[in-house]
Amino acid sequence: MKEKKFARFGVVKTLIKEVIMDEFKRASVTDVDVIKTPISTRIVITAARPGLILGNRRKLRDVLRKISRRWKINNPQIEVKELESPFLVPEFVTKLMAVKIAKGNNPKRVLYTTIRKVMEA
């Protein structure tokens with residue numbers, strides 16, 4: 001019985017991570033941790049630009065409601081952390097390069113400057 005509960009929580013954890021990453025794409029969310037405690041469930045979001053998450057309180061409340069209703073989570077608490085050095089996280093670097101190349105920048109220049117920033121970090 002405990003194994004089923006543990007596996008079910010793992011699936012819920014993954015779905016919550018997907019929802020949060022979809023809702024806050026512009027904030028460059030790199031990691032989402034879901035920590036279940038007896039009183040509440042803490043959701044720790046690590047992002048390169050946390051101001052875009054915290055600045056839009058209405059969207060944050062809507063996401064919290066969506067999560068609590070869909071997966072019946074009692075009292076979800078969100079904590080947002082800023083990345084110390086975003087250029088050491090591969091997901092952030094690849095998203096940054098893709099956005100710059102999609103905007104029409106020279107791919108060779110984008111790659112060169114990104115590699116330089118990664119080496120400096």
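Helices (H or I, at least four residues) and strands (E, at least two) are DSSP runs, numbered from the N terminus. By this assignment, the place of Thr46 is in strand β2, residues 41–47. The model is predicted: local features need pLDDT of at least 70, side-chain atom pairs count only at pLDDT 80 or more, and totals for chains, interfaces and linings use all residues. Residues are numbered from 1 along each chain as its sequence is written, and side-chain values use heavy atoms, with hydrogens and water left out.

The chain holds five helices and three strands. Along the sequence they follow the pattern α-β-β-α-α-β-α-α. The C-alpha trace spans about 55 × 35 × 25 Å along its principal axes. The radius of gyration, taken over C-alpha atoms, is compared with a globule rule of 2.2 Å times the number of residues to the power 0.38. The chain has 17 Å, whereas a compact globule of 121 residues would have a value near 14 Å.

Accessible areas come from the Shrake-Rupley method with a 1.4 Å probe; for residues, only the protein chains shown count as cover. The accessible surface of the chain comes to about 8,800 Å². Carbon and sulfur atoms account for 55% of that surface. A residue is buried under 20% relative accessible area, exposed over 50%, and partly exposed in between (1.4 Å probe, protein chains only). Of the 121 residues, 30% count as buried.

Contact means heavy atoms within 4.5 Å. Among contacts in the chain with a separation of 6 or more, 56% come from residues 24 or more positions apart. Leaving aside neighbours within four places in sequence, Thr46 is in contact with Ser28, Val29, Thr30, Asp31, Lys81 and Leu83.

In soluble globular proteins, nonpolar side chains tend to be buried together. A nonpolar core is here a set of buried Ala, Val, Leu, Ile, Met, Phe, Trp, Tyr and Cys residues joined through side-chain atoms within 4.5 Å. The largest such core has 18 residues. Within it, Ile16, Ile20, Phe24, Val29, Ile53 and Ile67 touch the most other members. The elements that give two or more residues to this core are α1 (2–23), β1 (29–36), β2 and α3 (57–71). A second, separate core of eight residues includes Leu83, Phe87, Val89 and Phe92. Ile53, of the largest core, touches Phe24, Ala27, Val29, Ile45, Ala47, Leu60 and Val80, not counting residues up to four places away in sequence.

The structure holds four salt bridges. A salt bridge is a side-chain nitrogen of Lys or Arg within 4 Å of a carboxyl oxygen of Asp or Glu. One of them joins the side chains of Glu23 and Lys66 (3.2 Å, N to O). Glu23 lies in helix α1 and Lys66 in helix α3, so this pair ties together parts that are 43 residues apart in sequence. Glu23 is partly exposed, at 24% relative accessible area. Lys66 is also partly exposed, with a value of 33%.

Glu79 forms a salt bridge with Arg42, and the closest N and O atoms are 3.1 Å apart. Glu79 lies in strand β3 (residues 76–82) and Arg42 in strand β2, so the pair ties together parts that are 37 residues apart in sequence. Glu79 is partly exposed at 30% relative accessible area, and Arg42 is partly exposed at 34%.

The side chains of Arg65 and Asp62 meet in a salt bridge as well (3.3 Å, N to O). These residues are three apart in helix α3, so about one helical turn separates them. Arg65 counts as partly exposed at 41% relative accessibility. Asp62 counts as partly exposed, at 41%.

Patches are made of residues with over 30% relative accessible area and no salt bridge: like charges are joined within 9 Å, nonpolar side chains (Val, Leu, Ile, Met, Phe, Trp, Tyr) within 5 Å. Leu111, Ile115 and Met119 make a nonpolar surface patch of about 340 Å². Leu111 lies in helix α5, residues 107–120, and Met119 lies in helix α5. Leu111 is partly exposed, with a relative accessible area of 39%. Met119 is exposed, with a relative accessible area of 68%. From C-alpha to C-alpha, Met119 and Ala98 are 19 Å apart in space and 21 residues apart in sequence.
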